[in-house]
Amino acid sequence: MVVVRRRNVKVFTFAFLLITVTSFLLNYTHQVTTTTWDLRHLIVQFSEQVQKLFKYPRRPCSCRTCISELGHSLWFDQRFNSTMQPFLTSQNALIPEESYKWWLKLQGEKTPKNINATLKELFGIIPGVGDPLQERGTYTCRRCAVVGNSGNLRQSQYGQDIDSHDFVLRMNRAPTAGYESDVGSKTTHHFVYPESYKELAENVSMILIPFKTLDLRWVVTALTTGTINFTYVPVPRKIKVKKEKILVYNPAFMKYVYENWLQHHGRYPSTGLLSLMLALHLCDEVNVYGFGADSKGHWHHYWENNASAGAFRKTGVHDGDFEFNVTLTLASIEKINFFKGR
Ligand SMILES: CC(=O)N[C@H]1[C@H]([C@H](O)[C@H](O)CO)O[C@](OP(=O)(O)OC[C@H]2O[C@@H](n3ccc(N)nc3=O)[C@H](O)[C@@H]2O)(C(=O)O)C[C@@H]1O
Ligand SMILES: CC(=O)N[C@@H]1[C@@H](O[C@@H]2O[C@H](CO)[C@H](O)[C@H](O)[C@H]2O)[C@@H](O)[C@@H](CO)O[C@H]1O
């Protein structure tokens, strides 16, 4: 009788400990699971969490999985470099010589102004710091939607889903007015270069992607004298964005994207890939919308009716197919979620 009771106490103690430790570990990872008393399932979960705890004593985020956690895909681990800085800031405004040489060739500027003087002038006008996307809170789950401009967004009804993210990143001439049910209405960050600039709402952060020295100088004049109105096409003389809302994409990060992720395909990365890569480094969960062709194989923009338009794949500046494969591979290894639209 006493022996049976002792055994019961042992079994009870073991079950109690198992449940306590498992729930602690699940809590530790903030993993959302449905309650189940299937012992085998519980043990598998338990061992997975123990493995994670040993692998990542301090997890980088509180989502179910965090993008920057390595060890799941060799393909990803060989490309992802968490030390690369996506933004130039007033404190980090130095472009390494090798990156600068590469970047200078992108648009073949004939007589570029001195880069250090240009950056000094720029960061004398914009603070280049203080944006929520630059600051990594400890132990949060930063959910980002990267919204490309593909026609596959039309009739997708993704609007509400896109708007539910903490950060919504859009680019170039993308409109939301009139397309809300498919693309949403929230924008926290908008990627532009002088030739693709569009007026932004007051609360939106503008991320300038500079492809040449003139692009950096354009920001200065567009906020002050309005003297630059032409690059390789006409560009707006003035922009209405608040100085505090302007961020600058790092040319060294651009080179990293070109080498590590694009493996030198195309002349340089597209705005879409540059946006996606920035999100991969700054967000914990990335959901991708509006990339790729529509179901009929057309590569037009969602706000245009010309189904045969497909500059993204035709100009030869970007390798649209290679870029799209990188995106699909990221989705296949569950680093991003890819929403293919219609
Ligand atoms: C004529 C031309 O040069 N078009 C380029 C335009 C154009 O300069 C701007 O819209 C400004 O007017 O910009 C581009 O980009 P664009 O503004 O077209 O689209 C943004 C990003 O969305 C993805 N995309 C777009 C259309 C489509 N059918 N499938 C897609 O996957 C791509 O990742 C794309 O980068 C650019 O900057 O990269 C790429 C385009 O090639
Ligand atoms: C249609 C075309 O080939 N235009 C190029 C132009 O490319 C565009 O550059 C943009 C950034 O400035 C952006 O990357 C866009 O996606 C590209 O199509 C530039 O390379 C420009 C440089 O002088 O030359 C134009 O012919």
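Visitor: Is Cys 61 buried or exposed?
Guide: This is a predicted model, in which local features need pLDDT of at least 70, side-chain atom pairs count only at pLDDT 80 or more, and totals for chains, interfaces and linings use all residues. Residues are numbered from 1 along each chain as its sequence is written, chains are lettered from A and ligands numbered from 1 in the order in which they are written, and side-chain values use heavy atoms, with hydrogens and water left out. Buried means under 20% relative accessible area, exposed over 50%, and partly exposed in between (1.4 Å probe, protein chains only). Because its relative accessibility is 0%, Cys 61 counts as buried.

Visitor: Which residue is joined to Cys 61 by a disulfide?
Guide: A disulfide is a pair of cysteine sulfur atoms within 2.5 Å, and the structure holds 3 of them. The link from Cys 61 has an S to S distance of 2.1 Å and is left-handed, with -100° about the S-S bond.

Visitor: What is the angle about the S-S bond in the link of Cys 63 and Cys 141?
Guide: Cys 63 and Cys 141 are joined by a disulfide with an S to S distance of 2.1 Å. Their link is right-handed, and the angle is 105°.

Visitor: How far from an oxygen atom of ligand 2 is a polar side-chain atom of His 318?
Guide: A polar contact is a pair of N or O atoms within 3.5 Å. For His 318, the distance is 2.6 Å.

How values were computed:
A polar contact is a pair of N or O atoms within 3.5 Å; within protein, one must be able to donate a hydrogen and the other to accept it, and residues adjacent in sequence count only if both atoms are side-chain atoms.
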